[in-house]
Amino acid sequence: MLIKRKSIEKEESSRPARKPKFAPVTLSEQDGVRYLHFGTEWVQGAMRIRKPNWPELEYAQQMMAAMLWQEQPRHLAQLGLGTATLTKFSYTTFPDATITAVELNPSVIAICESMFKLPPNDARLRVLEMDALDFVNDEANAGTIDALQVDLYDATARGPVLDSAEFYQACNRCLTDDGIMTVNLFGDHPSYARNIKAIKFAFAQVICLPEVHDGNVVAIAFKRQRAIDLEALTARAAQILADTKLPAKSWVKGIAASLTK
């Protein structure tokens, strides 16, 4: 029996690792906006064709909320590429920063390059075809990221595919001492409470912005506890609006509202 078991183990270990199965990548267009889908009606990302570097969706704009505290981040990273919205915006907005995007599905990377104006990798930009869990667990990434943006959804788009406390702890380890993570969650789904509980376990402080019209809720997680100075944040939001046209004043209003709950 032992010999048979060893032979089976040897046979199984010699088999190539299974490749993950991905839903088909599909596109739609309406009113000058190109949308990414994974074979369903759920939108995985969007790009206004005349403004390819602009974050078209409101939740995507909110995913840049770390800018309220970080004027010049050195390294921004995205887990989940989508239409490369956050990657492109970060790349063009912070010309001195390094940008890393992690995407498991090679078809998503290819469609971003061909249909969503993703620039090629260079000295500042790395788009990695790999599992986000492997990326955050890689010791080489520990303490290297100022702003981490997590947007990991499958074809059903109803909850993040990685949502454990261990995953969020690994995200925390990747951040610098003043690092901030933003996460796209779905407020009206059972996954929301599970994710919030896990994020609060892994991070010193968590603030949730109000739900937007599509049901998305962006959580802002801080590696270290911070005093929330609304006056300073309002001034910073005005500067962000002037520099980038992002509606950062609404983020501050959302933060203020969350503090009263």
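**Reading the cut-offs in a predicted model**

User: Why is Cys174 counted as buried?

Analyst: The relative accessibility of Cys174 is 1%, and a residue is called buried under 20% relative accessible area, exposed over 50% and partly exposed in between, with a 1.4 Å probe and protein chains only, so Cys174 falls in the buried class. Residues are numbered from 1 along each chain as its sequence is written, and this is a predicted model in which local features need pLDDT of at least 70 and side-chain atom pairs pLDDT 80 or more, while totals for chains, interfaces and linings use all residues. Side-chain values use heavy atoms, with hydrogens and water left out.

User: What is the relative accessible area of Cys112, and how is that residue classed?

Analyst: Cys112 has a relative accessible area of 0%, and therefore Cys112 is buried.

User: How many disulfides does the structure hold, and how do you know that Cys174 is in none?

Analyst: The structure holds zero disulfides.

User: What makes Arg48 and Glu56 a salt bridge?

Analyst: The N to O distance between their side chains is 2.9 Å, and the rule asks for a side-chain nitrogen of Lys or Arg within 4 Å of a carboxyl oxygen of Asp or Glu, so the pair of Arg48 and Glu56 passes. Behind the rule stands a general idea, that side chains of opposite charge can pair when their charged atoms come close. Arg48 is partly exposed, because its relative accessible area is 28%, and Glu56 is also placed in the partly exposed class, with 21%. By this rule the count comes to five salt bridges.

User: How do you know that Asp146 and Arg74 meet in a salt bridge, and which parts of the chain does the pair link?

Analyst: Their side chains come to 3.4 Å, N to O, which meets the salt-bridge limit because that limit has already been set out above. The pair links distant parts of the chain, since Asp146 is in strand β7 (residues 145–150) and Arg74 is in the loop between α2 (58–62) and β4 (75–79), 72 residues apart. Helices (H or I, at least four residues) and strands (E, at least two) are DSSP runs numbered from the N terminus.

User: Are Asp146 and Arg74 buried or exposed?

Analyst: Asp146 has 7% relative accessibility and so counts as buried, while Arg74, with 59%, counts as exposed.

User: Why is helix α3 called mostly covered?

Analyst: Of the nine residues of helix α3 (residues 85–93), seven are buried. These are Thr85, Leu86, Thr87, Lys88, Phe89, Ser90 and Tyr91, each of which is under the buried cut-off already given, and therefore the helix is described as mostly covered.

How values were computed
Disulfide = S-S within 2.5 Å.
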